[in-house]
Amino acid sequence: MTLQIPLPEDRLRPEPASPWRRFSYLIRVNSADPTLLLGLALVAVFAYLILAPVLLLLADAVTVHFADTARTGQQLGTFTLYYLNRVLLSPIARDLFWWPLANTAIISAGAIAIAFLVGGPIGWLLARTDLIGKKWLSTALLVPYMLPSWTFALAWLTLFKNRTTGGLPGWMETFGVTPPDWLAYGALPIAVILALHYAPFVILLFGNALKQFDTQLEDSARSLGASPLDVARKIILPLMLPSLISAATLIFAKCLGDFGVAYVLGVPVGFDVLATSLFRAISTSQAGASAVLAGVIVLLGVFSILIDMRLLKEAKRFVTIGSKGAMVRATPLGKWRTPAFLWALAVFAFSAGIPLLALALTTVMRVPGAFSLDNFTLDYWIGTDLGTTALRQGILLTGEFWLALWNTVWMVGLAALGAGVLGLLVGYTVVRSPVRFVSVALRQITFLPYLVPGIAFAAAYLSMFAVARPPLPALYGTPIILVLAILADQMPFASRAGIASMMQLGREPEEAGQIVGAGWLRRMRSIVLPIQRGALVSAILLPFISGIKGLSLVVVLAVPGTDLLTTYAIRLVDYGYSQAANAVVLMLCVVAFTGTMLVQKIGRANLSDGMGSK
């Protein structure tokens, strides 16, 4: 028998921990700092609310639906190319997809060209000249983007409507001039309105890039004999190209998913874009076709945003912009100072002033455009006997209006509150998580709705929650689906705000709390939230303003009992009650504009940061 004497290192080696002891240790660690558990829970929540609807929508495009089992001869849920063939290659493909695709391309190209023609010179005037009233104009010229785009479509219809679609005449007809169809409806007005609405993208991106551009480069070129044209062509434009292309891709992505303008000015004359064709497919219960159309919109949106992200990375390579010691000298306009101011003022008038004035005046006119004293009335605001079928009183005395206003406040408010709180938690987890996978997953999933146009994201939610999806029951027709959809749609902004604010907060305050024995909840309540209060308020208010004016997302999901102000106004447009619809839109504009200014005041920021500061 051999006697084994344990060596010293054997006595010092610890015994392997049992699974229960390892589990108990993890529980104790994560109870003191539950960042990892919080991150995993957030990943699960957003995978269910954001990732799953988009993936399910794409799957619906290639699987057989119940209504088409007999038509396809295949069983429910099996793989099929029927819907792709129907949308892309069938006899109805031209009207369902190809013409709307071509129309979308036409209005997007037109909107980009007009936005550049308007926004480029304005951006230069604000950033690089001694323009009169520069500080006021730098905010006033951004007003069109603060308001819903389809607001200006209603204003256009008020001014240029003709008898093609019946109903009340427009102002021009009242004045004795009948606008042609190409001016009243279709591609031209849609492109012009979208261009004026998104021109602030060009003003901001191009103007702020010029603001950082070192004018010494231009001075050096001129001292070597270069003409102003050569300076612009060989120095300024190459360095500004990333900003210009970024503005173009953003405008394209926005035009791709914009529903309201095309619905007001295109659908009445059969001019469809991809967004309205998708809405028509959903309205006629073509689930498979709508999934294909939404999938195309998603892919185009992702492609355009990825181009923009790539260009932003490329822009960082131009180290001559904003370098230390850079000089930005304002160019004196001289005799052109007054004409330049009048040009900027005219842009503001045509993009915001005149449309809003036309909407306001129409709400107090029996016949639009007739300025006789007996034509003015307050009936559409406070009237008691309008003599119409679906609107017997002015909107301020109509229960549907106040219900829509209440729905807007509490639904969008609840969604914005949830987005703000979750955005802050996402920021905390991304910055503090010990596991890189959790941080990366949260960043990517919460950013996904930004890549998906609103009308397509609404189709994804309809596909996801029209039936029971455990743990939730079927939600279509309930306020819950609107709250969840708005919350998920606003997460890119809320999460980025949370991440940016948490990156500015070091670990030291929390570590000090740990030293004195404060638990995680106590540290969040007493340290993190008070410090991040301003960021949290902005992260709540910004989604609230965006949710109030959004139409593309909610128009698919709202029903008469869950109308918001946006969908209620569109229903009035469908009924032909243009004065009442304009009144609702004006109320919506007041709320959206006031909220935007409130966000800027609380956040001590401005949409025109860096522009017009002198």
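What volume does the second largest pocket have? About 670 Å³, and the points below walk you through this pocket and some other features.

1. **Ground rules.** Please keep in mind that this is a predicted model, where local features need pLDDT of at least 70, side-chain atom pairs count only at pLDDT 80 or more, and totals for chains, interfaces and linings use all residues. Residues are numbered from 1 along each chain as its sequence is written, and side-chain values use heavy atoms, with hydrogens and water left out.

2. **The chain overall.** You will find 29 helices and 0 strands in the protein chain (DSSP runs numbered from the N terminus: H or I of at least four residues for helices, E of at least two for strands). Of its 614 residues, 50% are buried (under 20% relative accessible area, with a 1.4 Å probe and protein chains only). Among contacts (heavy atoms within 4.5 Å) with a separation of 6 or more, 73% join residues 24 or more positions apart.

3. **The second largest pocket.** A pocket is an open set of points on a 1 Å grid over the protein atoms alone, with protein on both sides within 12 Å along at least five of seven lines; lining residues have an atom within 4 Å of a point. Its volume is the space filled by probe spheres set on the points, which are joined across faces, edges and corners. Here 29 residues form the lining, and Ile 282, Ser 285, Leu 462, Ser 463 and Ala 466 are the closest to the centre. Helices H3 (35-60), H16 (274-283), H17 (287-315), H22 (454-465) and H28 (565-575) each give two or more residues. The lining has 18 nonpolar, 7 polar and 4 charged residues (Ala, Val, Leu, Ile, Met, Phe, Trp, Tyr, Cys and Pro are nonpolar; Asp, Glu, Lys and Arg charged; the others, Gly among them, polar).

4. **The cavity.** The structure has 1 cavity of 30 Å³ or more (a set of points where a 1.4 Å probe fits but cannot get out). The largest cavity has a volume of about 60 Å³. Its lining includes Val 118, Leu 141, Ile 203 and Ser 351. H12 gives the most, with 4 residues. By class, the lining has 9 nonpolar, 1 polar and no charged residues.

5. **A helix pair.** H23 (residues 479-489) and H24 (residues 491-502) pack at about 50°, with axes 5 Å apart (lines fitted to C-alpha atoms over the stretch in contact, with angles from 0 to 180 degrees between N-to-C directions). Leu 487, Ala 488 and Asp 489 of H23 meet Met 491, Pro 492 and Phe 493 of H24.
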